[in-house]
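Open the model in your viewer and keep the selection tool at hand. Each stop below says what to pick and what sits there.

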Amino acid sequence: MAETKTPIGFIRNEGRRLMDRWWQEMTAADGAGRPTAYVFVMGSLDEILRVFDLPINCPEITSLQTAVRGRSLEYLQTAEGYGYSPDICGYVKADVGLQLKDRQHPNGTVPKPALAIATNMCNTYIKWAEIWEQMYHCPVFVLDLPAWRGGDVTPRVDGEAFRNDRRYVEGQLRDLIGLCERLTGRRFDIDRLREVMAEVNRMAAGYQAVLSLNRHRPAPFSAIREGIVFQGISNLYRGTPEGSRFFEGAAEELRERIHLGMGTLNEKYRLLLTGTTCYAALKRFAELFEEWGGVFVHSTYMVFAGGGFGSDFAYDVTRPIESLAETLLLSAWRGFSTPMFYAQDWLAETVREWSVDGICFHGVKSCRTTSTGLPDVREWLRTHFDIPGLFIQSDLVDPRMWSDAQLKNRIDAFIESLAGRRATGSHEAGIRRPSDANAAR
């Protein structure tokens, strides 16, 4: 019997293996007293940290993992008992609870930080990093990325303003390099940086291939169920051969699923998620839509937490520092600012390109950054682009904010409205293009 080359199961098995290995390395680093860098999913600067062989911990991921494991509430209550308000970001409180529990996580042990890196891409990052600074007296490096300064959705990369912004970011990167040299006692190796950046380019190509494959009908993966695996690996293994091979293998498996007709089960309605899902009820969140044949084919989270990989991301390794600064700026504009602050046109274009039937706007009660203005965007898209939208609320990691009956009623009604559009044929008129709507404004 000929050996099968079908890679079905690669994403699940290899994703699990890589995540287990990362936790083993974290636990070993703690046992050895090895210095570790704490970073965030937006602007992590892994490229520079890997030059100095600094292990990377991403507390947003460890926090959501406490929720997926059904353990987040005990960490949240530990932080609240310490004095943190219920209104504070659930990720922050789950992490603070973890730190207060001697860094013991359901998956392993998180080492203490020797360095914390924050950016201005989330208004909570800097205050969160200051908590670690107070707990462990570690230095905090804040990367200030100039944001979009206007309504023009196309950055002018050849303009004087962009060149000034690039020089501003480049200067900060050189400051970080100096800080890492002092912390580790090692000299910066620019050739090693080129190697890491080339690996990031390889991973970005695989990530973009994975995203694009979900334009197929039926979609070969769920942006909620497998999207969480892609987010974890893209952040924790950025710039590594293991991470690159994972996304190349993932794309291969997804192509094989398409070849074999193995799309997401019972796809009737293609959906786009804006914001994040509720990780404390991840399976149930997906089921409430999937019971009706609703499948999430894309999400804004896979863009703004994807390290800029969702666009035409590529480093020029012949000028590494300058290219890193440029790409951070473009990632901030395209990946972070656009889906979060200029969402309407981006969402409308994604709905058209991914053949989406409707958008779920999930408001996170403890995250004003991703939730502010969602009902307004929903109404704008309905009025100008005839895009159906559902607005619901729960939380990132707090199971106390989950109301199954209330959410089910809202989701049932939304899917029934999509069915009504399909029954009357109104959906066949097609989503109006942003350019059409702009002309009508």
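Select leucine 260 to begin. This leucine belongs to helix H10, which covers residues 241-260. The model is predicted, and its values are computed from that. Is leucine 260 buried, partly exposed or exposed? Its relative accessibility is 44%, so leucine 260 counts as partly exposed; that class runs between 20% and 50%.

Together with Leu260 they make a nonpolar surface patch of about 240 Å².

**The largest pocket**

The largest pocket holds about 1,300 Å³ of space. Colour by secondary structure next. Which elements supply at least two residues each to this lining? They are helix H1 (10-32), helix H3 (59-68), helix H9 (227-236), H10, helix H11 (282-290), strand E8 (294-299) and helix H12 (301-304).

**The cavities**

Rolling a probe the size of a water molecule over the atoms shows where empty space is left. How many cavities of 30 Å³ or more does a search of the whole structure find? The search finds 2.

Start with the largest cavity, with about 120 Å³ of space. Select Gly43, Ser44, Arg238, Gly307 and Leu328: of the 15 residues lining this cavity, these lie nearest its centre. Helix H2 (46-51) and helix H13 (320-341) are the elements that give two or more residues to the lining. H13 has the largest share, with 5 residues. By class, the lining of the largest cavity has 6 nonpolar, 6 polar and 3 charged residues.

Move to the second largest cavity, with about 40 Å³ of space. Select Val41, Ser44, Asp46, Ser234, Asn235, Arg238, Gly306, Gly307 and Phe309 to show its lining. These divide into 2 nonpolar, 5 polar and 2 charged residues.

**Last stop: threonine 350**

Select threonine 350, in helix H14 (residues 343-353). Why does threonine 350 count as buried? Its relative accessible area is 4%, and buried means under 20%.

Finish with a distance label from threonine 350 to arginine 194, C-alpha to C-alpha. The two are 33 Å apart in space and 156 residues apart in sequence.

Notes:
Residues numbered from 1 in each chain as written. Predicted model: local features only at pLDDT ≥ 70, side-chain atom pairs only at ≥ 80, totals over all residues. Heavy atoms only, no water. Patch = residues over 30% accessible without salt bridge, like charges linked within 9 Å, V, L, I, M, F, W, Y side chains within 5 Å. Areas by Shrake-Rupley, 256 points an atom, 1.4 Å probe, with all protein chains shown as cover. Salt bridge = Lys/Arg side-chain N within 4 Å of Asp/Glu carboxyl O. Helix = DSSP H or I, 4+ residues; strand = E, 2+ residues; numbered from the N terminus. Buried < 20%, exposed > 50% of the residue type's maximum accessible area, 1.4 Å probe, protein only. 1 Å grid on protein atoms, 1.4 Å probe; cavity = no way out; pocket = protein on both sides within 12 Å on 5 of 7 lines; lining within 4 Å. Points joined across faces, edges and corners; volume = space filled by probe spheres on them. Nonpolar A, V, L, I, M, F, W, Y, C, P; charged D, E, K, R; others polar.
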